[in-house]
Structures are given as structure tokens and as C-alpha cells.
Amino acid sequence: MKRVFFTLMGAVLCSAAAAAGASDDAAMDRFIDKLMSRMTLTEKIGQLNLPSAGDITTGQAQNSDIAGKIRRGEVGGLFNIKGVEKIRDVQRIAVEESRLGIPLIFGMDVVHGYETTFPIPLALAATWDMEGIERAARIAAIEASAAGICWTFSPMVDISRDPRWGRMAEGIGEDPFLGSAISRAFVYGYQGRDPKHFADDEIMGCVKHFALYGAAEAGRDYNTTDMSRQRMYNEYLPPYKAAVEAGVGSVMASFNEVDGIPATANKWLMTDLLRDQWHFDGFVVTDYTGILEMIAHGIGDLQEVSARAIEAGVDMDMVSEGFLGTLEQSLEEGRIPMSDIDRACRLILEAKYKLGLFDDPYRYCDAKRAATRIYTPEHRAEARRIATESFVLLKNEGGILPLQRKGTVAVIGPLASSRENMPGTWSVAADLKKPLTVVEGMRQVAGDKVEILYAKGSNLVRDEELERNITVFGRDVPRDGRSDREMLDEALAVASRADVVVAVLGEPSEMSGESSSRSEIGIPDVQQELLQALVATGKPVVLVLFAGRAMTLGWEAEHVPSILNVWFGGTQAAEAIADVLFGDVNPSGKLPVTFPRSVGQIPLFYNHKNTGRPLLGDKFEKFRSNYLDVPNTPQYAFGYGLSYTTFDYGDVRLSADKMSESGSIEATVRVTNSGKRDGVEVVQLYIRDLVGTSTRPVKELKGFRRVALKAGESKDVTFTIDASLLKYYNYDLQYVCEPGDFDVMIGGSSDAVRTARFTLEK
Ligand code: BGC
């Protein structure tokens, strides 16, 4: 292997480190020591600078301001440029025209796939399929790395219990145990198992947004968060920690404050916790303009906030150019030590080293690979498969689903004929013209005995809403010039000719994701009116629901016979939806978030505390913890999801009723497919610690398994419970398990009723 290292003086071969075995830390240290000894202060600070790609494209790059900065060694990396030639072009400027020829790192929000787009992360979470998620991330890495990208701003593992927050779509749901498993699966998928070496089809992950971003007050994006350390440690931090333990190469600071200090300047968070307690050894990047925004947060001017960020332990500045513009002065004035700049520079160079960019700066820019590894039939088949696993059947009264392959189906709704809304938020690299529409997918899968009719039925939102938010709801689905009445009449006429109506409704893609918080989280009014009219026809109606969050579905749950929640399923969503509607695949998705009955219940989550006055039954009781106007229960519980078959659970059998801290117990349950179709059930283990020195949640997910069962088949499913599943952070933040009784619950949702009890002995 050759280490090619360009300088202004021409190409210089610098193969010493490679020859010595670039693999070991010592060789890397020597290489970076030598390189840093040749760097000027400006060049070191330049490595910490991550501007957005701006107008850098082939041809323009030569002249743009960013190109000048790259030549002067003032840029460490760029992000969200698409196209292998463009990236190669920019990399060439860095390696051939800057003094030291240090290669750039190229990042992108490859959040749920590259051109082959998988379901949005929240939907991937609904699969409870860790191998599947790892495969999806692996495919994302194969595609992105073939196109010049070596760094992804993913996984996003912000726990969220507030569906008003639009970024719930990008995350892992509400649960720390499930979220941690997903976090690991993403990191392994992107990076492989060895965080020190990257193959040329692996990319570096960036776990985000550290920390607590999903706990924004009132669900309003970028808002303040504030919580106890105990809640942080037990409930919000585990998925970030899981990514660090899996070897994630970088961490992104969140926009919000933590304990009154913006995360980007929070030394406790970025150094004490992340590096000293968790032993993270990669680099920390800010979020987009995260440094600049600290001026608005009110903790100083640009020089001050930049100094605070670097001394807190942040290494790379995304877009603000606060480091580039002020660190030199802060150093001169003695405001920051040189060691902070050296530390940050070293960590970024180490990342480039591990990625092999010093060996070959064009390692990820292979046009041949780009032509053969992106959007392949195999990748799309996998996207289609995992999309089918992500759909959650919320209701299926009268067994309307699966649809029969005969007769006439009316597919109605503004999302039925949309391409661009299929992949979902953050589909940066997807070609939004490529996905099939739901109508096309259904026609493809249905076969020739089914007649499929279509009517749009309504716009996505009313004109007044559109005016308020024109850019948000703009993706595809051209506005229809007809009045609401005309569209509805057409839909009703089409419905009258059909045996069954499939209403394809819900949120358009950009109604969730960043800066898409909502105070009402139902189906937009104009679409709901259409749905009500369709149900009133008396025809059997299936609601295919597009959603980037948990939604309020009170009316729908009561009146619509069948509801299939399909989230946003990626580029192959349409075919996958048809696969499930026609029964080629039996749905198995389970909710990774609680669906509340009303916005007033938020935050509503399954693993809450008991309180001193818990509600004992289902009915309202004065002086108990409940509401006058709505039950405490959700519309659909965490972990819930139906199948076209049914599953029965036997009693929970424990291998012993006592265990010591060093021992373990096996909990077994017999699960039977009691219906007529083969299916997959996600068997879930919940544990309750009945008495603690601190109060404990009423239940916590501690295990899960996807189990395939043929019609009529039974299987024993066994979970091993050891102390690691019983530990929590106590008042003093010690990670302990406390002797006493524990309840074990196993079932097909967080409402699991099969219970057994054991005692953890002193
Ligand atoms: C988002 C990040 C994203 C970054 C770069 C920000 O606005 O909060 O999640 O990675 O932009 O595109």
C-alpha cells in the first residue's frame, strides 16, 4: 500500500507509516506528529473548519471562495456534495493545491440510505430487526462510499417522547433499550466491527445530537431541554453511549442547552462525560451553525463562544467559521491554550488516517464503483423487504386486509399518486423522481385480476395552511385547481364503483423532520374530511397512513375498519405497501413510540414512574393521577402492532425464583401462532423493579426477539436475565442493581400481561 501525500512542491511519497503497519496507534501517532510539526497555526485551525459545500461543483470549484480556502489550508472537510466527480474535483484542490496536501473529509446526511433509501429511522425502529437495520446501514455505506462520501451524520439516537417534535421521524423512538440496540446496529453497519480501520466501502458514523435534543420543551424544535441527571443517565443517554461503545468515530453536538449551557459549549458533556467517563476517542463536530447560535443563546460574542466550544471539547466547527475567524486571536490573548487546538486538529487528522485518506485521498472516489454499486436491484430488494417489516398494522376489523386479488380497489388520496413523498425526510441523495407511487406499486403487485381505480380526493393541506408554510408542504403533488367539493365528488364517484377503498393519507414528507414541529398531530383536516366521507359510503375502507411521528388517531381508530401505518418507507415504499396490502408479506412491525389519544397527554410513554397516587383501574378517580377528560392509556401502546394472524402467549416460566447478582435466570414463554397464516411476532420482555432506593419505572423493555411461526406452530422463547438487565443509575449516579423483587412480563406489546416474579438476593 502506498501513502501518497501531495505538497505544493509536487507529489511526495510518504510511505513510512504505511510500511511500519499503519494499523497500530503508534504508527498513526508518529505520522500525525510529523505532519503536525509541519503545520502552521492557520493550517491547524483550518482542519477544524467544516463549511457547507455551497456552490462547489465541477468547474465552479476552481473559482469559489471555498476553493480559495481549501488552497490556503483553511478547510478540514465539506458536506452534502453529491457526485463522485464533484468530490474528486474538490479533493484534487486540497491534495494538489494546498501547501501540505491534506485530504478533506466528505460528510453527508446519509440518514436512511443513500440513493437506495430505506424507511425513515423511526420506521426502521418499528422493525425491531437489528440484523435488518445493520444491513440497511451497510448498504448505505456501500453506496455512499462509492460516491465519494466517507462520513455520515448518522445515527440519530435522540430519545423522544414528544411527537409534536418533527425530528422524532429521524430517531429511534422512545425507549433506551431498543434505541441502544438500534444505535449499535447502525454503527456496525456503517463502520464494521473495527473502528480503527475502514475498508473502502465503510464510512465513519457520527452519533447525534449529543445530547438530549429530543427532549425539547413543548416539542418545539431547537428548544431548551432541562432534566435531572438521573433521568439523563437512565433514560436519554444510553443510546449515545451504545454508539460510543460500538466505536462510532464522531459525535455531533446538539443545538439545545443541557443544564443551562448549550451542548456545544458544555464541558461536562463533551469532556467529563463523553471522554472521561465513556472513553470516546474520536472527534466532536458541532451541528450546523452550532457555534454561531450560542450568541443567540446569550453566552457571548463569536470569539467567546468559539473559545468556549473548543475548551469544552468540540473539535470541528460546522459552518459557523467561528474557529477559523477567532481562535488565533483567542490564543494570542491567552484565552485558550494551544493544546486545545492541537487536540482538535489531531483528532480530525486521526479520523482521516483511519479512513485511509492519507493512503489514497481518492479512495472513496471510484467512478467505476459509483456506476455499479448504487441503487442496484439487490439493494432495492433489501429496501423493499425491510420496508414491509416496518409497517405497523394498527387495526384490522372484519379482516379486510389482506386484500383479495380480485374485484375493484379504489385507491384514493393525495399521497397515492406522489413519488417525492415516498422516501421521507432527509433523503439527500435520493432521486425523488424514481420511486413508484402507491397506485403504481399496487398495479404492479396486484396482478391482472384486480382493477385499480384512482382519485386524488383532496389536496395535502388546505390553501390557507399552504400559504403559511409554502416551502414545507411543497414536495410534489401539484396543487389541484379544483375546489375541495369537486375533488371529493370525484373520489366518492370512484369509491362507489369499487369493492374496497384504500385511502392513502397522512403527513407529506416535509411535515416531519427538522423544523417541522406541530401542535396538532392528526391527519391534516382536509384529508380527514375526505376519509370521513369515504367511511360514510359504507364501503370497507383501509387507511394507509403516512406518518413521520406518532399521531393522534382517535376518530380513525373508532371508525376506520383497517389502518396500516406505513411511516415513510423509502424508495421502494410503494411496492412494499402493495406486498403487505395483498398479503404477500404478513405485517410484523411494532410501534417504537406511544401513540397518544390527544396532544394533552404528551409526554406519554410506557416506562413512566408509578407516582404516589397511581390510577388503579381504567375509570376516572378523584385525587388520583389522571385527567378529567381523557384516560391515562394511549391510543396505541409502545410495542403494539397486529398481524394477519394471531399469537397466543402461555404463562411466563422462570428457571428459578431467586438469583444472585452474579447469577442469571431464564424466563421462558410459549408463543403460538393461533391463526391461519404464517407470521412473525416480536416477543418482548419487560421487567419491573418493585422496590428501589430511587423510584423505578412501572416497566422497562429488557429484551425482544423476532420469532417466525408457521400457522398453528408453537415455540418456546427464552430470555436470560442477569444483573446487567437489572442495573440502573441511582441517586448518586452509581450503576447498581438493588436486591428485592422483580416482575417479569412477556408479551406482544408493552401491555404484556403474562407475569412472573423473582427475587434478587443480597
Ligand atoms: C441538522 C443535522 C445535520 C446537519 C447537516 C442540521 O441542521 O440538525 O442533523 O446533520 O444539519 O446537514
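These legends describe close-up views of a predicted model.

**View 1**

Look for the oxygen atoms of the ligand and the side chains of Asp109, Lys208 and His209. In the side chain of Asp109, an N or O atom is 2.5 Å from a ligand oxygen. For Lys208, an N or O atom of the side chain is 2.8 Å from an oxygen of the ligand. His209 places a polar side-chain atom 2.7 Å from a ligand oxygen. How much of the ligand does the protein cover? On its own, the ligand has 310 Å² of accessible area, and the protein covers 95% of that.

Side chains of opposite charge can pair when their charged atoms come close. Here the side chains of Glu235 and Arg231 form a salt bridge, with N to O at 3.1 Å. Both residues belong to helix α9, which spans residues 229–236. They sit 4 residues apart, or about one turn of the helix. Is Glu235 buried or exposed? Glu235 has a relative accessible area of 10%, so it counts as buried, the cut-off being under 20%. Arg231 has 32% relative accessibility and is partly exposed.

**View 1. A salt bridge between two helices.**
Asp579 and Arg384 meet through their side chains in a salt bridge, 2.8 Å from N to O. Asp579 belongs to helix α23 (residues 573–581), and Arg384 to helix α17 (residues 377–390). The pair therefore ties together parts that are 195 residues apart in sequence. Asp579 is buried, at 8% relative accessible area. Arg384 is partly exposed, at 27%.

**View 2. A salt bridge from a loop to a helix.**
The side chains of Arg462 and Asp484 join in a salt bridge, with an N to O distance of 3.5 Å. Where do the two residues lie? Arg462 is in the loop between β15 (450–455) and α19 (463–468), while Asp484 is in helix α20 (residues 484–496). The pair ties together parts that are 22 residues apart in sequence. Arg462 has a relative accessible area of 18% and is buried. Asp484 is partly exposed, with 39% relative accessibility.

**View 3. A salt-bridge network.**
Some salt bridges share partners. In this way, Asp129, Arg135, Glu382, Arg385, Glu389 and Arg706 are joined into one network. How many salt bridges does the whole structure have? A search finds 57.

The whole structure has 24 aromatic pairs. One of them is formed by Phe177 and Phe704, whose ring centres are 6.2 Å apart. Why is this pair called edge-to-face? The ring planes stand at 90°, and planes over 60 degrees apart count as edge-to-face. Phe177 lies in helix α8 (residues 176–191), and Phe704 lies in strand β24 (residues 700–709). The pair thus ties together parts that are 527 residues apart in sequence. Phe177 is partly exposed, at 27% relative accessible area. Phe704 is buried, at 16%.

**View 4. An aromatic pair within a loop.**
The rings of Phe595 and Tyr636 have centres 6.4 Å apart and planes at 70°, so this pair is edge-to-face. Phe595 and Tyr636 are both in the loop between α23 and β19 (647–649). They are 41 residues apart, and the pair links distant parts of the chain. Phe595 is buried, with 0% relative accessibility. Tyr636 is also buried, at 7%.

**View 5. A cluster of rings.**
Which residues do the ring pairs link into a cluster? They are Trp128, Phe177, Tyr606, Phe638, Tyr686 and Phe704.

**View 6. A buried alanine in a strand.**
Ala667 lies in strand β22, which covers residues 664–673. Its relative accessibility is 0%, so Ala667 counts as buried. Ala667 and Ile746 are 79 residues apart along the chain. Their C-alpha atoms are separated by 8.8 Å.

Conventions. Residues numbered from 1 in each chain as written. Predicted model: local features only at pLDDT ≥ 70, side-chain atom pairs only at ≥ 80, totals over all residues. Heavy atoms only, no water. Polar contact = N/O pair within 3.5 Å; in protein donor to acceptor, adjacent residues only side chain to side chain. Areas by Shrake-Rupley, 256 points an atom, 1.4 Å probe, with all protein chains shown as cover. Salt bridge = Lys/Arg side-chain N within 4 Å of Asp/Glu carboxyl O. Buried < 20%, exposed > 50% of the residue type's maximum accessible area, 1.4 Å probe, protein only. Phe/Tyr/Trp six-rings, centres within 6.5 Å; stacked < 30°, edge-to-face > 60°.
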